[in-house]
Amino acid sequence: MSQFPVFENYRRYIGWKLFVLALSILLVPILLCFSISMGVVRIPWSVIFSVLSGMKPESTEASILLQSRLPQALIALLAGSGLSITGTAMQAVLRNPLSSPFTLGISSAAAFGAAAVVVFGGGRIAVLDNAIMKFGFPYGSIALGAFVCSLFTAGLILLLSGKKHIKTETILLVGVALSAFYGAGIMLLQYIAEEQQLAAMVYWTFGDTQRGTWPMIFALSLLVPLFSAWYCLQSWNYNALSLGEETARGLGVAVRRVRGLTMFLASLLTAVLVASLGIIGFVGLVVPHLCRLLIGSDNRFVLPLSFFLGGSLLLLSDTAARLVLAPRLLPVSILTAFIGAPIFLLMLLKRKGSSC
């Protein structure tokens, strides 16, 4: 038996977290290969490796993989990772386990901003056979509209969270009210929109990975890891914040700066994801809770685990959405809402029960 039981217990404590984190990393390539192999046309893994290594560049399987399934799978992986780690960071700085871009109305605000640009932006939309073919708006204008609205909402939430008399439940209710407000704004825009603009707004509200393109993948592959790395570098500050603002300040944490930058980056990444893919709800809420159930509340491990596990779970959900109504492709946001809403309700009821 060890002469230092405290050290031995800490080693086991850290060892379990590292084991779960390593397992989540290994899960990513396995699920990626599984995802791109499944569909109306089943593609064996041996063919996938041949295509990705360049041995079958002219085959039918290569066209399916490189033009459809691989972009969709990579987008799902990046979006799930970005939403999950953003939700984890927001929960840390607001000290509210029910916070996420979706529940606080930031996703709805981004959708409203994108819809406003579609209606008032002066661009053109090409529609063929009820399918949106092309957007003719100034470069980045839709993402900018989404970002401005999401940043305004994040600033309001941040302002309220700094008030001592405001409870965490009140912030959630504010998020619900903001979601309803932006939802009404979107309906108003849909009412006054032209037919093509209406089709475009409905297109934005569906969270769908099928619209992923290689330029979009390239942009997200830069933004998501960059923002995630910044969140991970703040893990000690987030742990200090979990002890309370006064304690965090006593430990040398610049609370306002850390909280403000976190919410700013969360708004920016949410805006980019909504402008690119639409609203995908509950991923940023459910995955952080699942991570804390597995390895505890230490943000040094929860943040990277949420990055890898969030990407894997959205990738798995996207694969299921592709198969459930095959050959029709179901938008992944519908499946995440069906799964995430009951889980959110259970968490809310458990939180209320524990506070009684």
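Helices are DSSP runs of H or I with at least four residues, and strands are runs of E with at least two, numbered from the N terminus. The model is predicted, so local features need pLDDT of at least 70 and side-chain atom pairs count only at pLDDT 80 or more, while totals for chains, interfaces and linings use all residues. Residues are numbered from 1 along each chain as its sequence is written, and side-chain values use heavy atoms, with hydrogens and water left out.

**Helix 11 and its end**
- Helix 11 covers residues 255-277, and its 23 residues should span 33 Å at 1.5 Å a residue, which agrees with the 32 Å between its end C-alpha atoms; the expected span is 1.5 Å times one less than the number of residues.
- Gly278 follows helix 11, and the phi of Gly278 is positive, near 90 degrees.

**Nonpolar cores**
- The largest nonpolar core has 76 residues, and those with the most contacts inside it are Leu220, Tyr231, Tyr238 and Met263; such a core is a set of buried Ala, Val, Leu, Ile, Met, Phe, Trp, Tyr and Cys residues joined through side-chain atoms within 4.5 Å.
- Helix 3 (residues 60-94) gives the largest share of this core, 16 residues.
- A second, separate core has 21 residues, including Ala110, Ala115, Ala146 and Trp204.
- Apart from its neighbours within four places in sequence, Met263 is in contact (heavy atoms within 4.5 Å) with Met90, Val93, Leu94, Ile106, Ala154, Ile157 and Leu158.

- Thr88 has its place in helix 3 and is buried, with a relative accessible area of 0%.
- When residues up to four places away in sequence are not counted, Thr88 touches Gly284, Pro288, Asn299, Val302, Leu303 and Ser306.

**Positive phi in residues other than glycine**
- Arg95, a residue other than glycine, has a positive phi near 55 degrees; Arg95 lies in the loop between helix 3 and helix 4 (106-120), and at 42% relative accessibility Arg95 counts as partly exposed.
- Phe282, also a residue other than glycine, has a positive phi near 75 degrees; Phe282 lies in the loop between helix 11 and helix 12 (283-295), and at 12% relative accessibility Phe282 counts as buried.

Technical notes: Buried means under 20% relative accessible area, exposed over 50%, partly exposed in between (1.4 Å probe, protein chains only).
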